[in-house]
Amino acid sequence: MELSVMSPVVFRTVGYGHGKEVWNNIISTLKAVGYDGVISIEHEDGLMSAKEGLEKAVKFCRIP
């Protein structure tokens with residue numbers, strides 16, 4: 001998908017838009033309300049291939 005300069009939304013791979021703190025808050029909130037399901041990563045970053053974007057997102061989200 002090619003985005004126009006005028007596009008109102010630009011998607012970025014997890015970790016390349018919102019930082020670690022934002023994602024930690026999202027995951028912590030889900031856990032706090034009892035969510036124990038799957039977290040899906042949707043890749044729409046036009047600057048990376050799907051494989052590269054997924055690998056980077058998984059690495060970013062991994063709990064040490």
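Buried means under 20% relative accessible area, exposed means over 50%, and partly exposed lies in between, with a 1.4 Å probe and protein chains only. By this scale R12 is partly exposed, with a relative accessible area of 36%. The model is predicted, so local features need pLDDT of at least 70, side-chain atom pairs count only at pLDDT 80 or more, and totals for chains, interfaces and linings use all residues. Residues are numbered from 1 along each chain as its sequence is written, and side-chain values use heavy atoms, with hydrogens and water left out.

The protein chain has two helices and zero strands. Helices (H or I, at least four residues) and strands (E, at least two) are DSSP runs, numbered from the N terminus. Helix 1 covers 20-32 and helix 2 covers 50-61. Helix 1 holds 13 residues. From its first C-alpha to its last, helix 1 reaches 18 Å, close to the 18 Å expected at 1.5 Å a residue. The expected span is 1.5 Å times one less than the number of residues. G34 follows helix 1 and has a positive phi, near 90°.

The protein chain has 64 residues, and buried residues make up 11% of them. Its accessible surface comes to about 5,400 Å². Carbon and sulfur atoms account for 60% of that surface. Accessible areas come from the Shrake-Rupley method with a 1.4 Å probe; for residues, only the protein chains shown count as cover. Contact means heavy atoms within 4.5 Å. Among contacts between residues at least 6 apart in sequence, 68% join residues at least 24 apart.

Three salt bridges are present in the structure. A salt bridge is a side-chain nitrogen of Lys or Arg within 4 Å of a carboxyl oxygen of Asp or Glu. Side chains of opposite charge can pair when their charged atoms come close. One of the salt bridges joins the side chains of R12 and D45, at 3.2 Å from N to O. R12 lies in the segment before helix 1 and D45 in the loop between helix 1 and helix 2, so the pair ties together parts that are 33 residues apart in sequence.

D45 counts as buried, at 4% relative accessibility. Its side chain also makes a polar contact of 3.2 Å with the side chain of R12. A polar contact is a pair of N or O atoms within 3.5 Å; within protein, one must be able to donate a hydrogen and the other to accept it, and residues adjacent in sequence count only if both atoms are side-chain atoms. A polar atom of the D45 side chain lies 2.8 Å from the backbone nitrogen of L47. With neighbours within four places in sequence left aside, D45 is in contact with F11, R12 and T13.

T13 lies in the segment before helix 1. T13 is buried, with a relative accessible area of 4%. Beyond its neighbours within four places in sequence, T13 is in contact with H43, D45, M48, G53, K56 and A57.

K51 and E55 meet through their side chains at 2.5 Å, N to O. Both residues lie in helix 2, four residues apart, about one turn of the helix. K51 is exposed, at a relative accessible area of 57%. E55 is partly exposed, at 46% relative accessibility. K56 forms a salt bridge with E52, and their closest N and O atoms are 3.7 Å apart. K56 and E52 are four residues apart in helix 2, so about one helical turn separates them. K56 is partly exposed, with a relative accessible area of 30%. E52 is partly exposed too, at 33% relative accessibility.

A nonpolar patch on the surface is formed by V33, Y35, V38 and I39. Together these residues have about 420 Å² of accessible area. Patches are made of residues with over 30% relative accessible area and no salt bridge: like charges are joined within 9 Å, nonpolar side chains (Val, Leu, Ile, Met, Phe, Trp, Tyr) within 5 Å. Y35 sits in the loop between helix 1 and helix 2. Y35 is partly exposed, at a relative accessible area of 38%. I39 is found in the loop between helix 1 and helix 2. I39 is partly exposed, with a relative accessible area of 46%. Not counting residues up to four places away in sequence, I39 touches I27 and L30. I39 and I27 are 12 residues apart in sequence, and their C-alpha atoms are 8.9 Å apart in space.
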